[in-house]
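Dear colleague,

Please find the structure below, together with its sequence. My notes on it follow, and I would be grateful if you read them with the structure open.

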Amino acid sequence: MTPHGPDPEAYAQRRRAVRADLAAGAAGASSGTAGTGASSPGTNAGTSGGAATGNGASNAGTCSGAVLFLPESPELIFSNDVHFAYRPETNLRYLTGFEEPAALLLTAHGSEEDGFTLCVKPRDEQSETWTGRRVGLDGAKEIYGADHAYALEQTYEVLLRHLRHAAKLYYGHSRDPAVNQKVLELVHQANAERPRRGGDPLVVAEAGPMLAEHRLRKRPEEIALMRTAGQLSAMAHRRLMETLRPGDREYQAQALLDYEFRYHGCAGPAYGTICAGGANATVLHYTRNDDVLRDHDLLLVDAGGEYGGYCADITRTFPVGAAFSKPQAGLYDCVLAAQLAAIDLVRPGVTIEEVHKACVRVLTQGLLDLGTLDGSLDECIEKAKYSPFYMHNTSHWLGMDVHDAGTYRRDGASQRLEPGMVLTVEPGLYLRADAPVAIEFRGIGIRIEDDVLVTEAGAEVLTQAAPKQRAELETLRRAALAR
Ligand SMILES: [Mn+2]
């Protein structure tokens, strides 16, 4: 199980919810097969461990129900004999908590092999001496609740057996084209047998969007973990504000954050930490982090920890010295006002696009007030005159992935917020060193980012322990420099 992550029952609940979707999705695919598909949703949704439904006999000769297949995520080479830390495919981890290379099948088609299947690396004394203990086939069942466990090498023969029974395959597309090709071959093989065995050809669907619907709405145990990830990450930002000194290198700021994340139980940073001093902050994904931090510059820090499999994503911008300069303060107040206005808007029923538009409106008004734009507010918004200085969206979904699963548009319109969704709110202003603005604004990049949970009542900011009021930042910085 993922350290600090959900308990086994939480994963079982997720699998039950997804199996109910599989059965419902397949009922549509197999509408020609006389009712057997339509009877399965209720049966499958209720079974506790995802055991066989026991109606296998009634499906003989027909194909009904669905298979979800998530292939093994490849192990990647860092350099000769050295691997990157293994990162399980997020959907597989969402449904199991399993962190070794593995393939997953979740099936609801009524055969005796139905249920939750994991294909894993078998126990092997020789290999385990080098690379550590494996869960093995027994562990996959006993610890992770698999109904069936096989060796990874058997993945495709197991998949083919399931495809023979099913009306629909939900496939988690692999980054490895060879895997996709293999799966397509097996689909053809299963279909080639259909004329004699009976049943319509398999319907193949992407598993991602179906699983994304589940991941987009966080369950209580997920929200609890995201709250912890947010709190621990906010504390790391605060610690940096309390200790940074002019003359430090950007990587020293990064090192302190990494230390704080790991020391307090995070698996590590949830993504590549950005520590960008001065004009480096106008590069959106600056990760070199090797420059010297200068007294009169700002430092933009975009960093969050991953705790129990869930990400935080926080950006703060604060003075390397003790105080903001006047132009820095003007821009900062503008970004903060935009962020607060947007967060204030977050509640069920509001669209993610409306959150963005609220930010754009305040940022544009701020740029007009500072003399950086000309024209009326509406004209500047309509013609996107702000876009050289604010070129990204305000929000993305947050969860197990820092850019989490979930659609941003539904039925041709922007996604409406619902309780349990978590989004970032992260306006910024980026005035490059060569930007066509007054000289005092050049080379300033500011972003302020928090993680916001949509609740029944409105919103809960999961990362509010990270200071962002200008006066509070200056108090912290004065104290840091007085040490
Ligand atoms: Mn973000």
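Helix α10 (residues 220–243) packs against helix α11 (residues 250–263) at an angle of about 140°, and their axes are 9 Å apart. Please bear in mind that this is a predicted model. Angles over 145° would count as roughly antiparallel, and α10 and α11 are therefore described as oblique to each other. Their crossing is right-handed. On the α10 side, the contact is made by L232, S233, M235, A236, R239, L240 and T243, while α11 contributes A253, L256, L257, E260 and F261. Sorted by class, the contact of α10 with α11 has eight nonpolar, two polar and two charged residues.

As a general point, two packed helices are described by the angle between their axes and the distance between those axes. A second pair can be described in this way. The axes of helix α6 (residues 155–165) and helix α7 (residues 177–192) come within 9 Å and cross at roughly 40°. That angle makes α6 oblique to α7. Here too the crossing is described as right-handed, with α6 passing α7. In α6, the residues Y156, L159, L160, L163 and R164 meet K182, L186, V187, Q189 and A190 of α7. By class, the contact of α6 with α7 has seven nonpolar, one polar and two charged residues.

Helix α9 (residues 207–216) raises another matter. Which of its residues are buried? They are A207, L211 and R215. Seen down the axis of α9, these buried residues fall within an arc of 55°, so they line one face of the helix.

One of them, A207, deserves a separate look. Why does A207 count as buried? A residue is buried if 20 or more other C-beta atoms lie within 10 Å of its own, and A207 has 21 such neighbours. Apart from neighbours within four places in sequence, A207 is in contact with L68, L70, N91, Y170, Y171 and G172. The C-alpha atoms of A207 and A435 are separated by 44 Å, and these residues are 228 apart along the chain.

The C-alpha atoms of Q469 and G265, 204 residues apart along the chain, are separated by 28 Å.

With kind regards

How values were computed
Residues are numbered from 1 along each chain as its sequence is written. This is a predicted model: local features need pLDDT of at least 70, side-chain atom pairs count only at pLDDT 80 or more; totals for chains, interfaces and linings use all residues. Axes are lines fitted to C-alpha atoms, for helices over the stretch in contact, and angles run from 0 to 180 degrees between N-to-C directions. Helices (H or I, at least four residues) and strands (E, at least two) are DSSP runs, numbered from the N terminus. Angles under 35 degrees count as roughly parallel, over 145 as roughly antiparallel, 65 to 115 as roughly perpendicular and the rest as oblique. A crossing is left-handed if the near helix is turned anticlockwise from the far one by less than a right angle, and right-handed if clockwise. Two residues are in contact if their C-beta atoms, placed from the backbone, lie within 7 Å. Ala, Val, Leu, Ile, Met, Phe, Trp, Tyr, Cys and Pro count as nonpolar, Asp, Glu, Lys and Arg as charged, and the others, Gly among them, as polar. A residue is buried if 20 or more other C-beta atoms lie within 10 Å of its own, exposed if 12 or fewer, and partly exposed in between; C-beta atoms are placed from the backbone. The arc is that of the directions from the helix axis to the C-beta atoms.
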